[in-house]
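I opened the model to look up a few residues, the sheet and the ligand shell. My notes follow in the sequence in which I made them.

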Amino acid sequence: MKILVLNGSPKREKSDVMHITNAFLDGMRETGAHDVKIINAIDKHIEYCTGCFACMHNGGACIHDDDMRGILRDILDSELLILSFPLYCYGMPAPLKALIDRILPLSSMAMEKVGDRYEHVGQADFSRLRYAMICGCGFPNSKHNFEPAVAQFKLLFHSDEVVITVPESPMFSEPTALPVTEPRLALVKQAGRQFAESGSIDGTLLDEICSPMIPEEVYAAIVNSGV
Ligand SMILES: Cc1cc2nc3c(=O)[nH]c(=O)nc-3n(C[C@H](O)[C@H](O)[C@H](O)COP(=O)(O)O)c2cc1C
């Protein structure tokens with residue numbers, strides 16, 4: 001499978017969340033070879049969308065000539081698009097948001113009603129694309145935290161097959177936390193394998209992956225002791 005990972009962490013490969021994403025990819029690789037490309041959004045020259053809508057009338061041509069042209073080609077060439085990002089202010093970090101704003105050329109101005117809402121009609125054929133969101137955050141609570149990012153992902157991509165949200169994710173970069181992070185990453189790997197094999201992930205497994213790794217009070221006390 002051709003997989004494109006959009007890494008939204010400004011920390012690039014040192015990202016806490018990329019530990020989760022790499023475990024998911026490792027699980028997928030257990031079923032066979034996959035062609036994986038990782039783009040660090042922060043390293044790309046991506047101008048902000050100006051809101052001119054030229055691309056939506058223009059067969060997909062944006063007024064900016066920057067790295068987004070290649071990224072759009074990469075997206076259209078992929079079968080699985082993974083958004084890997086840390087939660088920033090209840091959403092995605094700005095470099096990734098700038099990139100996502102610029103996928104507008106894939107849609108035309110025309111809108112159609114699908115179910116109970118309107119969507120733009122595609123200008124390009126990306127019907128074979130599947131989507132995954134892998135997100136981590138610094139607080140121990142998922143509730144009142146991940147909801148805006150998850151809602152945005154689902155509305156954008158009409159997809160909820162793979163939505164992995166893991167609280168307490170700075171622990172993934174902490175060597176002393178290995179006794180709790182390794183078993184969690186093993187579960188993520190299992191999920192990656194399941195997804196590659198069957199196209200879905202068992203709900204109980206997902207719930208386990210998305211739960212705190214240590215009790216929230218303990219996590220908060222550890223963080224506060226280092227402040
Ligand atoms: C600007 C900024 C905003 C953040 N906002 C949130 C937030 O809304 N909720 C939360 O739980 N953690 C928040 N965090 C913490 C990060 O999500 C957390 O440190 C994460 O593990 C970083 O992942 P990374 O290493 O992959 O970049 C924020 C961090 C930064 C720097």
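Entry 1, Glu168. The cut-offs I used are 20 or more other C-beta atoms within 10 Å of a residue's own for buried, 12 or fewer for exposed, and partly exposed in between, with C-beta atoms placed from the backbone. I located Glu168 in the loop between S7 and H6. Helices (H or I, at least four residues) and strands (E, at least two) are DSSP runs numbered from the N terminus. Phi of Glu168 is positive, near 60°, and the residue is not a glycine. I noted for reference that most residues other than glycine have a negative phi.

I worked on a predicted model, in which local features need pLDDT of at least 70 and side-chain atom pairs count only at pLDDT 80 or more, while totals for chains, interfaces and linings use all residues. Residues are numbered from 1 along each chain as its sequence is written.

Phe53 sits in the loop between S2 and helix H2 (54-57). Phe53 is exposed, because it has 11 other C-beta atoms within 10 Å.

I traced an open sheet of five strands in the order S2-S1-S3-S6-S7, with parallel pairing. Two strands pair if DSSP finds at least two bridges between them. Strand S2 (35-40) and strand S7 (162-166) are at the edges with a single partner strand each, so one side of each has no neighbour in the sheet. From one strand to the next the twist averages 15°.

I then followed strand S1 (residues 2-7), which pairs with S2 in the parallel sense over six bridges. In S2, Asp35 is the bridge partner of Lys2, and Val36 is that of Ile3. S1 is mostly covered, with five of its six residues buried.

I found H1 lying across S1, S2, strand S3 (80-86), strand S6 (130-136) and S7. H1 runs at about 140° to S6; axes are lines fitted to C-alpha atoms, for helices over the stretch in contact, and angles run from 0 to 180 degrees between N-to-C directions.

Which residues of the largest nonpolar core touch the most other members? Of its 52 residues, they are Leu6, Ile20, Ile82, Met133, Ile134, Cys135 and Ile164. Helix H1 (residues 16-29) gives the most to this core, with seven residues. Such a core is a set of buried Ala, Val, Leu, Ile, Met, Phe, Trp, Tyr and Cys residues joined through C-beta atoms within 7 Å.

I listed the contacts of Ile82, leaving out residues up to four places away in sequence: Ile3, Val5, Leu6, Thr21, Ala132 and Ile134. Contact here requires C-beta atoms, placed from the backbone, within 7 Å.

Val188 lies in helix H6 (residues 178-198) and is buried, with 26 other C-beta atoms within 10 Å. Beyond four places in sequence, Val188 is in contact with Ile20, Ala23, Phe24, Gly27, Ile164 and Ile209. I placed Arg130 in strand S6; with 17 C-beta neighbours inside 10 Å, Arg130 counts as partly exposed. Outside four places in sequence, Arg130 is in contact with Glu79, Leu80, Ser159 and Glu161. The C-alpha atoms of Val188 and Arg130 are separated by 18 Å, at 58 residues apart along the chain.

S4 and S5 form a hairpin with two residues between them, and Gly115 in the turn has a positive phi of about 65°. Strand S5 (residues 117-122) runs antiparallel to S4, joined by five bridges. His120 in S5 is the bridge partner of Met111. Strand S4 (residues 107-114) lies largely in the open, because the number buried among its eight residues is zero.

I counted 17 residues around the ligand, of which Ser15, Pro86, Cys137, Gly138 and Phe139 come nearest. A residue is near a molecule if its C-beta atom, placed from the backbone, lies within 6 Å of it. The shell has nine nonpolar, six polar and two charged residues. Ala, Val, Leu, Ile, Met, Phe, Trp, Tyr, Cys and Pro count as nonpolar, Asp, Glu, Lys and Arg as charged, and the others, Gly among them, as polar.

How values were computed
Contact = placed C-beta atoms within 7 Å.
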